[in-house]
Amino acid sequence: MRYSNRKEYKVVHKCARCGRKAVFINTGRFRVNANKNKLDVWLIYQCRKCRHTLNIPIYARVPPQKIPKELYEGFLANDEALACQYGADAALFKRNHLQIMA
């Protein structure tokens, strides 16, 4: 169940599975990947029709010390409130050159 106080954005993006532009919605989950001593963190969005995923970068190739501990733990725990917060951040989508809709 979603409990966001803010309006989350939907993303309009070409779906690799559907083969055309589709609406992607926030799954409320993160993907965290470690590569040697660098971390990547993505917010996971999903095609509304076929459930194909789209990973939206939040952090790319950063040292773990650069991410506040509480924030990092929220990513690992798939904190839904945190995912909603990032899903409502228009700057995140603009930085990643994604088309959004309210």
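Let me start with a definition: rings of Phe, Tyr and Trp, taking the six-membered ring for Trp, pair if their centres lie within 6.5 Å. With that in hand, hello everyone, and please keep in mind that what we have here is a predicted model.

By this rule the model has six aromatic pairs. One of them joins tyrosine 9 and phenylalanine 93, edge-to-face, with 6.0 Å centre to centre and 75° between the planes. Are the two partners buried or exposed? Tyrosine 9 counts as partly exposed because its relative accessibility is 23%, whereas phenylalanine 93, at 0%, counts as buried.

Another pair is phenylalanine 75 with tyrosine 86, and this one is tilted: 5.8 Å from centre to centre and 45° between the planes. Here helix α1 provides phenylalanine 75 and helix α2 provides tyrosine 86, eleven residues apart. Phenylalanine 75 has a relative accessible area of 1%, so it is buried. Tyrosine 86 is at 14% relative accessibility and therefore also counts as buried, since the cut-off is under 20%.

Which residues make up the aromatic cluster that I opened with a definition for? Phe30, Tyr59, Phe75 and Tyr86 form one cluster.

In soluble globular proteins, nonpolar side chains tend to be buried together. In this model the largest nonpolar core has 24 residues, and the members touching the most others are Phe30, Phe75 and Tyr86. At least two residues of this core come from each of β2, β3, β4, α1, α2 and α3. Which element gives the most? That is β3, with five residues.

What does phenylalanine 75 touch, leaving aside neighbours within four places in sequence? Its contacts are Phe30, Val32, Val41, Ile58, Tyr59, Ile67, Leu82 and Tyr86.

Last stop, helix α2, which runs over residues 80-87. Its buried residues are Leu82, Ala83, Cys84, Tyr86 and Gly87. Against what do they pack? The partners are β2, β3, β4, α1 and α3. The N-terminal end of α2 is capped by aspartate 79, with a side-chain oxygen 2.9 Å from the backbone nitrogen of alanine 81.

Conventions
Residues numbered from 1 in each chain as written. Predicted model: local features only at pLDDT ≥ 70, side-chain atom pairs only at ≥ 80, totals over all residues. Heavy atoms only, no water. Buried < 20%, exposed > 50% of the residue type's maximum accessible area, 1.4 Å probe, protein only. Helix = DSSP H or I, 4+ residues; strand = E, 2+ residues; numbered from the N terminus. Contact = heavy atoms within 4.5 Å. Polar contact = N/O pair within 3.5 Å; in protein donor to acceptor, adjacent residues only side chain to side chain. Core = buried A, V, L, I, M, F, W, Y, C linked by side-chain atoms within 4.5 Å. Phe/Tyr/Trp six-rings, centres within 6.5 Å; stacked < 30°, edge-to-face > 60°.
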